[in-house]
Amino acid sequence: MSTIFAARQFSTSAVSNHIMKLTRLRVVDNSTIGKQAMAEGKPPRCIHVYNKKGIGTIGDKIMVAIKGEKVKAIIVGCVKEQKPNIPRFDSNNIVLIDDNGTPLGTRINVPIPIVLRTILKEKTFSKGADYTKLLAIASNYV
Amino acid sequence: MSKIMKRTVFDLPSSFRITFGGPMVLQSRTAHNVRAPRIKYPLWYLQRERAKDDQQLTGDNRAFVKEAVHDKFGMPAVIHGISTYDVRSPLSEDSVECLNVEWNPKLQRTGLIARKLGNYPMWLDNGKSVLSTLLQVIDNHVIKYIPPGEFNPPRKPYSCPNHKKPLGCLLVGAESADPQYFTKQYCGLFYREGMMPKKYLGRFMVSPEAALQPGTPLLASHFRPGDFIDVRGKTIDRGFQGVMKRHGFHGMPATHGVTKSHRRGGNVGHGGEKGRIFPGTKMPGHMGNRYRLHKGAEILRINHKYNVIWIKGIASPGKTNSIVYLYDTILPLRKHKSPPPFPTSKVADDDQLIDSYKEHVYKFTDQTITYEEDK
Amino acid sequence: MLLKTLNFHRFKCGFAPVLRASRLFSNSPPSDVQQPSDESISGKQVKPERKSVVPSNSRFIYPEFLPDPKIEWRNSLREKLERMDMIQRRKHIDIPEFYVGSIMAVSSSNQHAPNKATRFVGICIQRLGCGLRANFTLRNVIKHVGTEMKYQLYDPTIQKIEVLRLEKRLDDELLYLRDAPNEYSTFDENMEVEYLPEGAPVPVNPEMVKLKPRPWRARWERKNMKGLADLGLEDRFYERAEELATPWEKYDLMKQYRKTIPEEEQKEIFAEVYSELHEVEVMRKKLKRKKVFIKPTKNV
């Protein structure tokens, strides 16, 4: 709450809505660490985006700082404008994963873009990380 | 602004003027051994527009002149969606068939003159949307053919001075217009071929086998859907621009002690031996209004009724409603694989075929796209 | 001045007044110098006796048939070809009359989905573009997360566009719903179609939206929105808004002229298009009537 008031002291320009380093994000799975961080009002911060642009979008892998730890995550929804037929959300949603691509939680409580099915399947290699496990725990597709 | 500058410079009091002590030295910075090509204009570079002169004609006389024009060149008509004149050159009768040469990849065909109509999206069969540019082939006719021996341009092809392939020159005109608006000289270009004067002219280098009789109409069906073409046109004139807009420089920071140089390019030269500005350094200057070539654009669709060609992408130079020239592409991997209409397409007798599409392009008359379920 | 109008709005929302349909047009594009009366709105439903007569409200029902007024981009042949393609597409899919504020459902084929089709229900918050580029955005709150989906009107993957509740709102764009509490944009996915009686004018929903406290995605106090309840800001915000307001622009005739398609040209365009559109509509109505007629016979 105090951060909100601090932000009100000076004028704010239009937000770019990009997911880049130091962006605050929202964990949407039910992993313990994610739940605790969200409940304490200390949402995770992106500290790296694993692509060449440095700006993350749906399906990109990022590293977040959450409760003093470094955890990898997958972006499953963005605030910024999307192309036709791809949903845009009111919050930047992420799902925490480990190095093998297995999600830390067991359930995702928000809608997930359907495109993610194809994107994550394309990113999965036979001997690399398997991201498709994330799709199995999603409850709702948009 | 420039006016003010001039005034301030020239209105300086005489005491401020700089006087040179010694004699004036004329500098010449070009190499002495290169002689500039003597400018020799091709035969179609003529005074085109006539000075406007009302001649104090009465209404009757005006009507008579109009009637005389129609008698000679035919009545105004709308052909392929363009208001033009229903005129046919007597020369074009036995044009295309007379040379019965088989097409081979080394032969060079003529191009077309088109107008850029604008962009709109098209869809592919897999549901993907692509932006397309519409180009209308505007009432094109062959005006003149100059065989290789006679055609002697002042500037030879730069890359190969000993040009092995002798190419002829085909003069193509687009959009017929009322001859009253042009000079006698200019109308003379079209007189012998029995054509109306054309608003736009284009020169195309063709193999002698691909030569065409003057008066032959050129249509959009000269190309086929799926072919690749090059589009040449004049880019949008943006005037004098700085380096950020013209060359995409980054400029300088907004703060940190930077003053008066937020959009400047910075350093342009070196020191010592190289203490000069190298030729070709990117600097502010006039941007646009130059001929540029968009190579390898794919044709998605052709409308034969209005002679419109849809090409993939929106990179062709020029504004909407500007004139562009279309050629067979010079990119080696995108050249014709199968014989195209050679030397050009014939005028179709049946008006049944209106639209022809490239494979895998969604036709708007088709049903909604659905995907097959995975097994 | 704006402060006064805003105060007026605050005052009004307490009463929750019933607004007239003609009120809505004060916010529509400046081409509407001649404000259509209530009769012209209902003109579409009342069948014209002669088929050639183009209803005067066509520009509200088919706004995407009017080209982009930017003069540098205009070409009559391109616009004509575009219109022909649009009509071809309309023969395969029913694109109904809808407005910003209507609640819609869009079914479309999607190659990423397991059953290769999806359906999205939501309120239309924006309608943009002309010609084949025309698009609209739907918004809904699914599992407490605001979700928006943009659709192209003439996208061939769209299977069906349903209007579940045909109504207008007080503004031409409802982007402020992003800053409003979730209740304002929550709609049931299994909502049933609400039919309007034949010939009734399109109702205007006078709902006033109360926004969440700042920060917002835009400075709404400067946008002169009619559907916003009291914003609860300090006076300095309204003062600044008043400083930046440009109330004289509505008198700038040249600006209006450049922004809109002249009425004569609109008439020409709709005269060209309407007969075919009408044919398609009549065909569809016949099919619909057949379906409706079969049901009661079965029950009997």
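Trainee: In this predicted model, which residue of E12(B) stands opposite B:Phe228?

Mentor: When two strands pair, each bridge sets a residue of one strand across from a residue of the other. Here B:Phe228 faces B:Glu298 in E12(B), and the two strands concerned, E9 (residues 228-234) and E12 (residues 291-303) of chain B, are antiparallel and share six bridges.

Trainee: How many bridges join E12(B) to strand E13 of chain B, and which residue is the partner of B:Arg301 there?

Mentor: Strand E13 (residues 308-312) of chain B runs antiparallel to E12(B) and is joined to it by four bridges, and within E13(B) the bridge partner of B:Arg301 is B:Trp310. The two strands form a hairpin with four residues between them, and in this hairpin B:Asn307 has a positive phi near 60°.

Trainee: Which residue stands opposite B:Arg301 in E15(B)?

Mentor: That residue is B:Tyr357, and it belongs to strand E15 (residues 355-357) of chain B, which pairs with E12(B) in the antiparallel sense through three bridges.

Trainee: Turning to the sheet that involves chain C, in what order do its six strands lie?

Mentor: A sheet is read by passing from each strand to the neighbour it pairs with, and here the open sheet runs E5(A)-E4(C)-E3(C)-E2(C)-E1(C)-E5(C), with antiparallel pairing.

Trainee: Why is one side of E5 of chain A and of E5 of chain C left without a neighbour in the sheet?

Mentor: Strand E5 (88-89) of chain A and strand E5 (158-165) of chain C stand at the edges, where each has a single partner strand, and therefore one side of each has no neighbour in the sheet. Elsewhere in the sheet, strands E1 (residues 103-109) and E2 (residues 117-128) of chain C are joined in the antiparallel sense by seven bridges, and C:Ser107 lies across from C:Arg119 in E2(C).

Trainee: How many residues of chain C are in contact with chain B, and what kinds of residue are they?

Mentor: The size of an interface is often given as the accessible area lost when the parts come together. Counted by residues in this case, 22 from chain C are in contact with 24 from chain B. Helix H4 (residues 76-90) of chain C supplies seven residues, the largest share of the side of chain C that touches chain B, and that side consists of six nonpolar, nine polar and seven charged residues.

How values were computed: Residues numbered from 1 in each chain as written. Chains lettered and ligands numbered in written order. Predicted model: local features only at pLDDT ≥ 70, side-chain atom pairs only at ≥ 80, totals over all residues. Contact = placed C-beta atoms within 7 Å. Nonpolar A, V, L, I, M, F, W, Y, C, P; charged D, E, K, R; others polar.
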